[in-house]
Each structure stands twice: as structure tokens, then as C-alpha cells.
Amino acid sequence: MASFVIKPSVLHCLVRTGRQLRERQTRGTPFFWRSYTSDGDRVPKIYTKTGDKGFSSTFTGERRPKEDHIFEALGNTDELSSVIGLAREFCLEKGHTFTHQLDKIQCVLQDVGSNIATPPSSARKSHITRTKFTAMPIADLEDWIDTMTEELPPLTNFILPSGGKSSTALHVARTVCRRAERSVAPIVRSGEADPDVARFLNRLSDYLFTVARYAALKENNKEKIYKRPE
């Protein structure tokens, strides 16, 4: 009989997802869960039509235009998670041992989104309590960065995105992370999101740069060094 092991970070994400699904039935819906309705045995539809007029809802129920800075930041963090997921697939193919870190990061990005989607200006205390973001994931990133850096050669030149598919995909994730960070910065400054959200994204871009180099090292791929064009 085949057997498998679920890594702790993945199990934590699955457990949290199940808990959120249960809470959804009685307490409301975080930004990343749509509210669907069903009629008897009919299958719920993926579309709700509630955004057809160019407005969408925060977790607090406030309706805002889809171009609002809140939804811009949410879109960027969602894209970041998707790009990390793509990079993870390349890393899995190469048997990298750090993929469980990427699993955890994707789960944390869901928490980042929940915090962004809960502006205090329209939130109740219960909203804020449920979506509070802590600094613990930042410490995890710093530990992972320090551990990988010990194995990496000193950085003496500008590194171009390179080093194989895993490495390059992680570099792409790094650039999306920087964009997400830029879109979150004004929200944090206005007091509409937790400062640790911005700190996490800032540290995450450092992690993605480091893990991209680490992937190239473990695959014995050369990184491309910047040279001034002649």
C-alpha cells in the first residue's frame, strides 16, 4: 500500500482552511472565500454577479470600486502566491528540500490578504481580531535566509535572473513581491493594514532572492553575472 507524509506546514494550511470553511457558515466570509448560494441539489455557481458594476466588498462588507488601493494590493498578493506556486512546481521536479517553506509562505499570504481586506475604518473588533497579522512569519523568513546564506558563495556582483527554471521562476516571484510591497505601503501608512504585513513582504523579497540563488547552487547551475554592454 502506498503511503505519504504531509509536511507540518501543509497540514497547518489544510487545517486552517477547514476551520475557515466552518467559520464561514456562521461568522462571515474572508476576502478569499466567495459566498455561494445553492438551490436544493444544484451545484453552486462560481460567478456571483455582485461585481458586475465595478464594485467589490472588503471583509468588513464595505463596497468599494474595484480599482481601490485595497483591491490593487489584494490582486498583487494573489498574483504573488500564484507565481510562487508555479516556482514551487519547478522546485518539486528538482527535488528541492525547501518546498515546504514555499507551502507555508503561500498560506501566510492568505493571512496577508485577510489583513489587507479588513480596513479598521469600517471594521468591528471581531473583524480585526480574526484577521490580525503577527510577526512570527517574519522570523521564519529570517531564519531560512540565514541558513541558506551560510551555503551560498559571497555576493560580489549583480546577479541577473538565471540559474535554471527553478531559480528564474523564484526571481520572477521576487519581482512580483516587490510590486505587492509597493502597493501595500500606502495602505499601511494610512493605518488600514498592519505594519507587519509590509515587513513580511519586504523580508519575503529578500528570501526569494536568496532561495533563487540557493536553487541554482543545488542544481549546479551557473548564475548569470551582470556585465556592462560594450
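Author: Exposed means over 50% relative accessible area, and buried means under 20%. The model discussed here is predicted.

Reader: Why is Asn220 called exposed?

Author: Asn220 has 72% relative accessibility. The cut-off for exposed is over 50%. Asn220 therefore counts as exposed.

Reader: Where does Asn220 sit?

Author: Asn220 is in a loop. That loop runs between helix H7 (195-218) and strand E4 (224-225).

Reader: What is the phi of Asn220?

Author: Positive, about 60 degrees, although Asn220 is not a glycine. Gly95 also has a positive phi, of about 70 degrees.

Reader: What makes the span of H2 close to the expected one?

Author: H2 covers residues 69-93, which is 25 residues. The expected span is 1.5 Å times one less than the number of residues.

Reader: Why is His127 called buried?

Author: His127 has 6% relative accessibility. Buried means under 20%. His127 therefore counts as buried.

Reader: Which residues is His127 in contact with, leaving aside neighbours within four places in sequence?

Author: Phe59, Thr60 and Thr118. His127 itself lies in helix H4, residues 125-131.

Reader: Why is Tyr226 called partly exposed?

Author: Tyr226 has 37% relative accessibility. Tyr226 belongs to the segment after E4.

Reader: Which residues make the nonpolar surface patch?

Author: Phe158, Leu160 and Tyr226 make it, with an area of about 320 Å². A patch residue needs over 30% relative accessible area.

Reader: How many helices and strands does the protein chain have?

Author: Seven helices and four strands. Along the sequence, the pattern is α-β-β-α-α-α-α-β-α-α-β.

Reader: What share of the protein chain counts as buried?

Author: Of its 230 residues, 42% count as buried.

Reader: Among contacts between residues at least 6 apart in sequence, what share join residues at least 24 apart?

Author: In the protein chain, 72% of those contacts do. A contact here means heavy atoms within 4.5 Å.

Key: Residues are numbered from 1 along each chain as its sequence is written. This is a predicted model: local features need pLDDT of at least 70, side-chain atom pairs count only at pLDDT 80 or more; totals for chains, interfaces and linings use all residues. Side-chain values use heavy atoms; hydrogens and water are left out. Helices (H or I, at least four residues) and strands (E, at least two) are DSSP runs, numbered from the N terminus. Buried means under 20% relative accessible area, exposed over 50%, partly exposed in between (1.4 Å probe, protein chains only). Patches are made of residues with over 30% relative accessible area and no salt bridge: like charges are joined within 9 Å, nonpolar side chains (Val, Leu, Ile, Met, Phe, Trp, Tyr) within 5 Å. Accessible areas come from the Shrake-Rupley method with a 1.4 Å probe; for residues, only the protein chains shown count as cover. A salt bridge is a side-chain nitrogen of Lys or Arg within 4 Å of a carboxyl oxygen of Asp or Glu.
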